[in-house]
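Please read the following report alongside the sequence and the model, which are shown here. It moves from the annotated regions to the sheet, and then to the helices.

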Amino acid sequence: MFENEFILTLSCQDRIGIVAAVTGMLATNGMNILELSQFSDPSTQQFFMRLDFRVESGPSSEDQICEAFKPVAEKFGMSFELHDKNYRPKVLIMVSKLSHCFNDLLHRHKNGTLPIEIPAVVSNHEDLEEMASWYNLPFYHFPITQKNKIEQEKKLFKLVQDLEIDLIVLARYMQIISEDLCKKLHGKIINIHHSFLPSFKGAKPYHQAYERGVKVIGATAHYVTADLDEGPIIDQETIRVRHDHTPKQLVQLGCDVECLVLARALKYQVEQRVILNNNKTVVFS
């Protein structure tokens, strides 16, 4: 990774001249584009863009670049974000008892293929504390009951604030996040659902799939919203199954797919490749 490399993401109402204005601003200020992706959504008339660029000369701090970009943003009414490519987002991982997604993320983090920091692991059970300890990660046990759920979520939110967490990943965390917390952390919680949404929501989706005799099963990574399992989808994957597979075998096959989808969605997020588009996403993969 080189110094002075940044990622700019933006969205605005689509109109002529956006690409020329943005790339022209970068060129005028001594910035070299390394990668550019764009999409115009005909259903909403919204325009989306992601630029990966390096500062060769001129403004080099985030504040200076934002100031240089401001006239273009104001002209086109853009919402935009600028990210330093060398920054490693602080990701809090939440788990329950199942370890496969958790272990996969930790391994990718350990070998450097997932460039994040993990300041903390939170769980409503103590089952995975030993695994977190093996990776030298702080483990917080916040058991959930009907009586203490609100109080425990307050503790969780305080932890998020204290540690300056950028993103929360639910790695098979088997608790519903409250509407209040969903609103406070809008666009900052990613969940892996063990089903190819929008089919087979809720509990035991593999058993539901078995009862319906499906020929493919899958997993879905999505943003968490107050509507259960209906948040904007980031990534999905499927795997073919046979008529003689049992529910247990479907679960085993599904675990591998869940790991792949969650890791891929998190990597897209870390690389700033995901932009919210109402109840959908634009993913520059």
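Which residues does UniProt list for "domain: ACT" in its unreviewed entry? The UniProt record gives residues 7-88 for this feature; UniProt positions follow the numbering used here, feature names are shortened, and annotations may be inferred rather than shown by experiment. The model is a predicted one, in which local features need pLDDT of at least 70 and side-chain atom pairs count only at pLDDT 80 or more, while totals for chains, interfaces and linings use all residues. Residues are numbered from 1 along each chain as its sequence is written, and side-chain values use heavy atoms, with hydrogens and water left out.

The span of residues 7-88 is 32% helix and 41% strand, and its end C-alpha atoms lie 13 Å apart. Helices (H or I, at least four residues) and strands (E, at least two) are DSSP runs, numbered from the N terminus.

Phe-39 is in strand 2 (residues 31-41). Leaving aside its neighbours within four places in sequence, Phe-39 is in contact (heavy atoms within 4.5 Å) with Gln-46, Phe-47, Phe-48, Val-282 and Phe-284. Phe-39 has a relative accessible area of 34% and is therefore partly exposed, where buried means under 20% relative accessible area, exposed over 50%, and partly exposed in between (1.4 Å probe, protein chains only).

For "active site", the unreviewed UniProt entry lists Asp-229. Asp-229 sits in the loop between strand 10 (216-223) and strand 11 (233-240), and it counts as buried because its relative accessibility is 11%.

Strand 9 (residues 189-193) and strand 10 run antiparallel and are joined by four bridges, and His-193 has Thr-220 in strand 10 as its bridge partner.

The table sets out two helix pairs; axes are lines fitted to C-alpha atoms, for helices over the stretch in contact, and angles run from 0 to 180 degrees between N-to-C directions.

| Helix pair | Axis distance | Angle |
|---|---|---|
| Helix 1 (residues 18-28) and helix 2 (residues 62-76) | 10 Å | about 170° |
| Helix 7 (residues 205-212) and helix 8 | within 9 Å | roughly 125° |

Helix 1 and helix 2 are therefore roughly antiparallel to each other, whereas helix 7 and helix 8 are oblique; angles under 35 degrees count as roughly parallel, over 145 as roughly antiparallel, 65 to 115 as roughly perpendicular and the rest as oblique. In the second, Tyr-206, His-207 and Tyr-210 of helix 7 meet residues of helix 8, among them Pro-247, Leu-250 and Glu-258.

Helix 3 (residues 100-110) has as its buried residues His-100, Cys-101, Phe-102, Asp-104, Leu-105 and Leu-106. Their cover includes strand 5, strand 6 (117-123), helix 4 (129-134), strand 8, strand 9 and helix 8. After helix 3 comes Gly-112, whose phi is positive, near 85°.

Conventions:
Two strands pair if DSSP finds at least two bridges between them.
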